[in-house]
Amino acid sequence: MHTVLEHPLVKHRIAMMRDRETPPKLFRELVDEVTAFLAYEALRDIRTRTVEVATPIAKTTGELLDEHIVLVPILRAGIGMLRAMLDVLPFAKVGVLGMQRNEETAEPIPYYVKVPPAKGHELAIVIDPMLATGGSACDAVAQLSRLGYRRIKFLCLVAAPEGLEKFEREHPDVPVFTAAKDERLNSHFYIVPGLGDAGDRIFGTL
Ligand code: PRP
Ligand code: URA
């Protein structure tokens with residue numbers, strides 16, 4: 001199952017990010033803003049508990065978040081989405097998965113794993129700006145499943161139809177939230193029209 005954020009505030013920011021003249025500082029700010037919108041949509045169903053609250057006027061009840069959340073950025077570009085996620089989930093734990101695409105085949109090459117031990121009840125939220133062939137996303141979720149994570153969501157900024165199809169085939173129980181669903185992949189496995197190399201644009205390494 002995947003959800004595409006259909007909202008003018010999101011579309012506006014994605015259009016600015018697509019512009020190749022957008023410099024890294026602005027690009028990072030736009031990543032922050034779009035990530036916050038993604039979090040809003042993806043976290044609609046997270047658990048809360050009811051508490052009593054005394055306002056200056058009266059006693060009432062309210063809802064507080066009641067989840068053990070582990071944010072899992074895929075290195076390196078996923079780091080670009082981490083600050084905005086931690087802003088809305090300041091109590092979340094963070095684990096990282098290092099993954100590098102082979103430039104010719106686009107096969108993901110895992111190179112680092114540092115994820116908190118799973119007890120099974122945690123909600124793991126994998127973040128990576130780009131879902132292209134879907135190789136990195138599928139491998140990340142497979143690694144988390146092997147480590148004992150049972151509840152996983154995947155958040156990205158731009159997804160290609162080919163990658164979404166692969167991901168949904170391999171991980172039908174993991175919902176994907178994306179700010180844009182693009183046209184296709186090119187012969188180098190880049191998303192068209194896409195954003196270019198998201199990691200390079202976030203970290204200024206073009
Ligand atoms: C990019 C991106 C994803 C992956 C998506 O990372 O951030 O992790 O490619 O492509 P896929 O769906 O075909 O696997 P990249 O390997 O370029 O590394 P980087 O984050 O270090 O720039
Ligand atoms: N990684 C990126 O950063 N961009 C793409 O279009 C595909 C993979």
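Mentor: Start with Pro193, which is placed in the loop between strand S13 (191-192) and helix H6 (198-203). Helices (H or I, at least four residues) and strands (E, at least two) are DSSP runs, numbered from the N terminus. The peptide bond that leads from Val192 to Pro193 is cis, with omega near 0°.

Trainee: What kind of model is this, and how are things numbered?

Mentor: This is a predicted model: local features need pLDDT of at least 70, side-chain atom pairs count only at pLDDT 80 or more, and totals for chains, interfaces and linings use all residues. Residues are numbered from 1 along each chain as its sequence is written, chains are lettered from A and ligands numbered from 1 in the order in which they are written, and side-chain values use heavy atoms, with hydrogens and water left out.

Trainee: Where does Arg76 lie?

Mentor: Look in the loop between strand S4 (69-75) and helix H3 (82-88). The peptide bond from Leu75 to Arg76 is cis, with omega near 0°.

Trainee: What is the phi of Ala106?

Mentor: Phi is near 70° there, a positive value in a residue other than glycine. Ala106 belongs to the loop between strand S6 (96-101) and strand S7 (108-114).

Trainee: Is Ala106 buried or exposed?

Mentor: Learn the cut-offs: buried means under 20% relative accessible area, exposed over 50%, partly exposed in between (1.4 Å probe, protein chains only). Ala106 has 3% relative accessibility, so it counts as buried. Now take Phe189, with a positive phi of about 65° although it is not a glycine. Phe189 is partly exposed, at a relative accessible area of 26%. Its place is the loop between strand S12 (184-185) and S13.

Trainee: Which residues surround ligand 2?

Mentor: A residue is near a molecule if one of its heavy atoms lies within 4 Å of it. Around ligand 2 are Arg101, Met130, Ala132, Phe189, Tyr190, Ile191, Gly196, Asp197 and Ala198.
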